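Dear colleague,

I am handing over the structure we spoke about, and below it you will find my notes on what was found in it. Please read them with the model open beside you.

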Amino acid sequence: MSQLTGYAVAAAPDIPTVYAWDPFTAPNNTNLNGRVAPVGGTWTVHAGTWRLNANQANMTTVTTNGRATLNVGVTDYAVTIDSPSFPTGARRSGVALRVNSAGTQGLYVEIRNINGGQLAIGSFTATAATPLATVNGIGAPGSFLLRVEVEGNQVRAYLNGVLVSTYTLTAAQMTTYGANTRVGLWANGDKQTTFASFLVESLP
């Protein structure tokens, strides 16, 4: 006879599935391109030169719309980056989302230290980046944790645990980006911002 008869049993908590994870632990000057992450497969650099130094990843060239991605095989997820340095001046950094297999188009979420701290959700092609939603006055912490959730046509961006911005993709944007399964790092003209870890997991 069960000893739990008459007692309510709590449901087991949902445990996220980890699609990709990389703490960037490697010898200095390791090339991110071709690196096999502990979880999530092989990194592909689409723009810029990316290296690992002091167990952190960063883009070592001044490049417009620099990006490096992994193929996680799913379109809905939460991606989190941990960075010890907030970008300065006009430099921008963040995550690339719903990126196509060639790395030539997708979505991005970036932060920059202007207008009291700015977060933008946008789209990009091989030659241009277009903001779709911008929020100013988010502050400029020395370090930051950026989490972005993509679920269907919804994009939600959190900075240090606080929901900062949301964007609803149009039907046309869903046609262009909705089925893309690559996700990764994003930097724009930035040789300074570093990424201490990268995580992609299932949504709650």
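**Salt bridges**

Glu151 and Arg156 meet through their side chains in a salt bridge, with 2.9 Å from N to O; the term stands for a side-chain nitrogen of Lys or Arg within 4 Å of a carboxyl oxygen of Asp or Glu. This is a predicted model, in which local features need pLDDT of at least 70 and side-chain atom pairs count only at pLDDT 80 or more, while totals for chains, interfaces and linings use all residues. Residues are numbered from 1 along each chain as its sequence is written, and side-chain values use heavy atoms, with hydrogens and water left out.

Glu151 has a relative accessible area of 38% and is therefore partly exposed, whereas Arg156, at 17% relative accessibility, counts as buried; here buried means under 20% relative accessible area, exposed over 50%, and partly exposed in between, with a 1.4 Å probe and protein chains only. Through shared partners, salt bridges join Arg147, Glu149, Glu151, Arg156 and Glu201 into one network.

Glu201 lies in strand 18 (residues 197–201) and Arg147 in strand 14, so the pair ties together parts that are 54 residues apart in sequence. Strands (E, at least two residues), like helices (H or I, at least four), are DSSP runs numbered from the N terminus. Both Glu201 and Arg147 are buried.

The structure holds 7 salt bridges, and one of them joins Arg98 to Asp76, with the closest N and O atoms 3.0 Å apart. Because Arg98 lies in strand 10 and Asp76 in the loop between strand 8 and strand 9, this pair ties together parts that are 22 residues apart in sequence. Arg98 counts as buried at 1% relative accessibility, while Asp76, at 30%, counts as partly exposed.

Strand 15 (residues 154–159) is joined to strand 16 by 6 bridges and runs antiparallel to it, and Val155 has Tyr167 in strand 16 as its bridge partner.

Elsewhere, strand 8 (residues 66–71) is mostly covered, with 5 of its 6 residues buried. Strand 8 pairs with strand 17 (residues 182–188) in the antiparallel sense over 6 bridges, where Leu70 has Val183 as its bridge partner. Strand 5 (residues 44–47) is likewise antiparallel to strand 8, joined by 3 bridges, and Ala47 stands opposite Arg67 in strand 8.

**Nonpolar core and aromatic rings**

The largest nonpolar core has 43 residues, of which Leu97, Val109, Leu185 and Phe198 touch the most other members. By a nonpolar core I mean a set of buried Ala, Val, Leu, Ile, Met, Phe, Trp, Tyr and Cys residues joined through side-chain atoms within 4.5 Å. Strand 14 (residues 144–151) supplies the largest share of this core, 4 residues. Apart from it lies another core, of 5 residues, among them Ala96, Val99, Phe124 and Trp186.

The structure holds 6 aromatic pairs, in which rings of Phe, Tyr and Trp (its six-membered ring) have centres within 6.5 Å, with planes under 30 degrees apart counted as stacked, over 60 as edge-to-face and the rest as tilted. The rings of Phe86 and Phe144 have their centres 5.7 Å apart and their planes at 80°, so this pair is edge-to-face. Phe86 sits in the loop between strand 9 (77–83) and strand 10 (92–99), and Phe144 in strand 14, 58 residues apart; both residues are buried. Ring pairs also link Phe24, Trp43 and Phe198 into a cluster.

Finally, Leu32, in the loop between strand 2 (30–31) and strand 3 (36–37), counts as buried at 0% relative accessibility. Leaving aside neighbours within four places in sequence, Leu32 is in contact (heavy atoms within 4.5 Å) with residues including Phe24, Trp43, Ala68 and Leu185.

With best wishes

Technical notes: Two strands pair if DSSP finds at least two bridges between them.
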